[in-house]
Amino acid sequence: MSYEIFLTSFVPDDVVVRARSILCGVAGTPERHYYRHIQHYEPSDPTVKGFHTIKQLQRERAPTTPQWQELHQILVKQPSVLQLRTDITEEVEIANDSTVESRPAYIDLPAAKRAALRWTDLPDPTNRQIDPSITQRRVLEITDPRAERILIENKFRLKCSLIEESYRWWLEGIEYCLTRNYLAPINTESATSRQIPNPATLNPVGVNWMLYVRAKVDNQPAATMPARMKQGQLALLQIKQRLRGVVDFLAFDRRCHDTRILEPRRA
């Protein structure tokens, strides 16, 4: 478990090249271009709490077992939408190489392609001690080749599928990320299909990129976590001040980051 602390802004598509140039200068490093396949899963029955296969997962004693146990305990208390994130950068670059005569409409992913399961908490409420443009929330990530199978065995269903394109930079523990999404139609024949649409054949969702500037704070050692959280907040405030007049970081209602599945109210 860790905390994610971040600033957020919009960048219109017609100025994104200039924004990338500015961020290269801020970070002092070349940009890195990525594509990720992001699948959102939700429980078929939100009244079922956690993973019913948790005892089997405990018996298998895999390196990720403690993380699955932690996620199970979270979902018992509050059902949530989970993300399955797969890096497809290499496959997209090969498919769209300039030497290829025609770009394929679909890209095949290797069966052994690793994915990371991601859960995010409802962000902390705003308070007077933290700048309103800073969002902070708990995050749990599990990198496990069994992740998709475990979700399906526990009756999770695919809610939506996206392809995320991003440019990223890192400096002194801070990540700068420009990102936009493409809606990837779900293959109704098989939710576990290893074939995805080529993003070169899709239209992006909206006309804006999202800019995130974020820091991660591990919850261990617990004794120093408050000080490290404060350090991360101060680092983001310094970046916000440095980019004043260039980037307008916004305050968002925390509910726009809410992944919880709320049970319908009873009459």
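1. Start with R61. In this predicted model, R61 is exposed, with a relative accessible area of 73%. The cut-off for exposed is over 50%, so R61 qualifies at 73%. R61 sits in the loop between α2 (54-60) and α3 (65-77). Its phi is positive, about 50 degrees, although R61 is not a glycine.

2. Now look at K155. K155 also has a positive phi, near 65 degrees, and is a residue other than glycine. Find K155 in the loop between α5 (147-153) and β7 (156-171). K155 counts as exposed, at 57% relative accessibility.

3. The bond from Q220 to P221 is cis, and its omega is near -5 degrees. P221 belongs to the loop between β10 (208-218) and α6 (225-242).

4. Next, the barrel. Eight strands close into it, in the order β1-β6-β5-β3-β2-β7-β8-β10. Their pairing is antiparallel. From one strand to the next, the twist averages 35 degrees.

5. Zoom in on one strand pair. β7 and β8 (residues 174-183) run antiparallel and are joined by ten bridges. Opposite W169 stands Y176, a residue of β8.

6. Two helices deserve a look. α3 packs on the sheet and touches β3 (82-87), β5 (116-120), β6 (135-143) and β7. The direction of α3 makes about 130 degrees with that of β6. α6 packs on the sheet too, touching β1 (2-12), β6, β8 and β10. The direction of α6 makes about 15 degrees with that of β1.

Notes
Residues are numbered from 1 along each chain as its sequence is written. This is a predicted model: local features need pLDDT of at least 70, side-chain atom pairs count only at pLDDT 80 or more; totals for chains, interfaces and linings use all residues. Side-chain values use heavy atoms; hydrogens and water are left out. Helices (H or I, at least four residues) and strands (E, at least two) are DSSP runs, numbered from the N terminus. Buried means under 20% relative accessible area, exposed over 50%, partly exposed in between (1.4 Å probe, protein chains only). Two strands pair if DSSP finds at least two bridges between them. Axes are lines fitted to C-alpha atoms, for helices over the stretch in contact, and angles run from 0 to 180 degrees between N-to-C directions. Contact means heavy atoms within 4.5 Å.
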